[in-house]
Amino acid sequence: MGLLKVEGLSHTYGEKLLYKDSSFQVFKGEHIGLVGKNGTGKTTLLNSIIGEVIPDEGKIKWQKGINVGYLDQHANLNKKLTLFEYLKTAFDHLYKIEKELSEVYTMMAENFNEEIFEKSTEYQSILERSGFYEIESNIMKVASGLGILSFGMEAPLGNLSGGQKAKVILAKLLLQKPDILLLDEPTNFLDKEHIQWLGDYLKQFKGAFIVISHDFEFLDKITNVIIDIEFNTIKKYPGNFSKFIKIKGLQRESYTKEYKAQQKEIKKHEEFIAKNRVRASTARQAQSRIKLLSKMEKISPPETQPKPAFSFNCEPIEYHKALTVHNLEVGYTHSLLPPLSFEIMSTEKVVITGFNGIGKSTLLKTLVGEINPRKGWFHFSENTKLAYYEQDLKWENKSSSPVEIISDKFPGISQKDIRKGLAQCGIKSEHVFRPIGTLSGGEQAKVKLCILMLKKCNFLILDEPTNHLDVDAKEVLSSELSKWKGGLILVSHESSFYKNWCSRVINMVR
């Protein structure tokens, strides 16, 4: 048996079947990318593996003694601990042994004997083999690689933003070096440089891991196995993401041909039955074909995910200065950046980059009025109408459905038009009345984009809109933004998403 064995897994979410009677194993050294369209059940599968979700059927078995590391980005942390103190807790078991070793040394000084000496030697050997004396150095290496040093290693955890906390939790997980890592979208809160570092780290990781990511360049770099969820099945493919795409393309083509051939055969039998079941001379042959059809194992039609068609309608706009920023300082308890001064014209598409945690999202929240400037000022022209996409998937009521959420925001729009807009964004009809909290991250992101589409605006402010989107949705969104006639401020760590249409890039540095 491998590190993990999944047998006969079946799970239905609401009325939707995610997968049925699926089995796979995870073996030592396998670097697995878990992929599938938005809403196919990737996060649900990961949550089933760690025991947070109970599947309808099937068994999940771990090898005895396996140390599992799961990236829980919403874990409750002791807010009083400093960042460095928290990262040191990854080695609590070694600090406990060091304490026991100190006690043994005290006992040796008082009453030396062979048994105590052997115990001290054993403890010392464990500490040396485990790299105990390089702990602080290793902490600093990981903290530097993930861009944590800029937060201040003595900063209390309570002062960190959501994205910063997620980075720190990931850092601790990497320092623990579990036998198997389970990571759900770890690049969402990382910048380009830190994604590069994490990719290098995972590529050399000696244990196994399962990673969900929509960053396919990242997956291509780190994986040697792909697990794909499609057609209500979970399949395992050898090789990296590029190899998987080639194999998958051939299989999809073969599957589609097989389905079409069977449909042609079924149609032929049905036409024969319709013509001949009432004729005495051919009734027996018709009955024979009816039995044949009843026993035939039907091939499910190739599943088609609705491809979104985002469409932002720009309000009339003239070429003018849309935004002026002068000596602006942003932050909550203290200024995160030196004073900022810049201007954006009404038709410019500006991308803001910089290390995660440097203050990009805080700047956007300031510009849309969610938090007050600490110093300086900014001004939008009178005829500038804003629409803001916040990267966090936060909802006032997670039990509200997409239709209810949009209806509350736009009471004058009919339910028919709301459903039409949601369908345009790629939300299946059976999901529009489900609680928003039960939808996948990608589906929730598409609901937020639908809200954006319905707003009358001429200036978009988008904070990491691609974080939860699959490749089709990203391509459509990028294409639509390239046609956008108004002003735009975008925060994104994916240069491939915006490089073909952005007007200029503002790189924020401390």
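These notes walk through a predicted model of one protein, from its overall build to single residues.

1. **Overall build.** The protein contains 16 helices and 17 strands. Its C-alpha trace spans about 105 × 75 × 35 Å along the principal axes. There are 510 residues in the protein, and buried residues make up 49% of them.

2. **Surface and charge.** The accessible surface comes to about 26,000 Å². Carbon and sulfur atoms hold 50% of that surface. The protein carries 70 positive and 62 negative charges.

3. **The largest nonpolar core.** In soluble globular proteins, nonpolar side chains tend to be buried together. Here the largest nonpolar core has 54 residues. Leu87, Ile148, Val168, Leu170 and Leu202 have the most contacts inside it. Which helix gives this core its largest share? Helix 6 does, with eight residues.

4. **A second core.** A separate core of 38 residues is also present. Among its members are Ile406, Val432, Ala445 and Tyr498.

5. **Helix 6, its length.** Helix 6 covers residues 162-176, 15 residues in total. From first C-alpha to last it reaches 21 Å, close to the 21 Å expected at 1.5 Å a residue. Just after the helix, Lys177 takes a positive phi of about 50 degrees.

6. Eleven of the 15 residues of helix 6 are buried, so the helix is largely enclosed by the rest of the structure. The buried set includes Val168, Ile169, Leu170, Leu173, Leu174 and Leu175. Gln164, Lys167 and Lys172 are buried too. The cover over these residues includes strand 5 (68-70) and strand 6 (180-184). Helix 2 (83-88), helix 5 (135-145) and helix 7 (192-203) are also part of that cover.

7. **Val168 up close.** Val168 is one of the buried residues of helix 6. Leaving aside residues up to four places away in sequence, Val168 touches Leu83, Tyr86, Leu87, Ile148, Phe151, Leu157 and Leu160. Two of these partners, Leu87 and Ile148, are listed with Val168 among the residues with the most contacts inside the largest core.

8. **Helix 15.** This helix spans residues 471-483 and has 13 residues. Its reach from first C-alpha to last is 19 Å, close to the 18 Å expected at 1.5 Å a residue. Its buried residues are Ala473, Lys474, Val476, Leu477, Ser478, Glu480 and Leu481. What do the buried residues of helix 15 pack against? They pack against strand 12 (349-353), helix 14 (441-454), strand 15 (459-463) and helix 16 (495-498).

9. **Arg510.** Arg510 lies in the segment after strand 17 (504-507). Its relative accessible area is 48%, so Arg510 is partly exposed. Arg510 and Ile358 are 152 residues apart in sequence, yet 7.5 Å apart in space, C-alpha to C-alpha. Not counting residues up to four places away in sequence, Arg510 touches Ser150, Leu336, Leu337, Pro338, Gly357 and Ile358.

10. **Gly51.** Gly51 sits in the loop between helix 1 (42-49) and strand 4 (57-62). Gly51 counts as partly exposed because its relative accessibility is 48%. Along the chain, Gly51 and Lys456 are 405 residues apart. Their C-alpha atoms are separated by 44 Å.

Definitions and conventions
Residues are numbered from 1 along each chain as its sequence is written. This is a predicted model: local features need pLDDT of at least 70, side-chain atom pairs count only at pLDDT 80 or more; totals for chains, interfaces and linings use all residues. Side-chain values use heavy atoms; hydrogens and water are left out. Helices (H or I, at least four residues) and strands (E, at least two) are DSSP runs, numbered from the N terminus. The expected span of a helix is 1.5 Å times one less than its number of residues. Buried means under 20% relative accessible area, exposed over 50%, partly exposed in between (1.4 Å probe, protein chains only). Contact means heavy atoms within 4.5 Å. Accessible areas come from the Shrake-Rupley method with a 1.4 Å probe; for residues, only the protein chains shown count as cover. Lys and Arg count as positive and Asp and Glu as negative; His and the chain ends are not counted. The place of a charge is taken as NZ of Lys, CZ of Arg, CG of Asp or CD of Glu. A nonpolar core is a set of buried Ala, Val, Leu, Ile, Met, Phe, Trp, Tyr and Cys residues joined through side-chain atoms within 4.5 Å.
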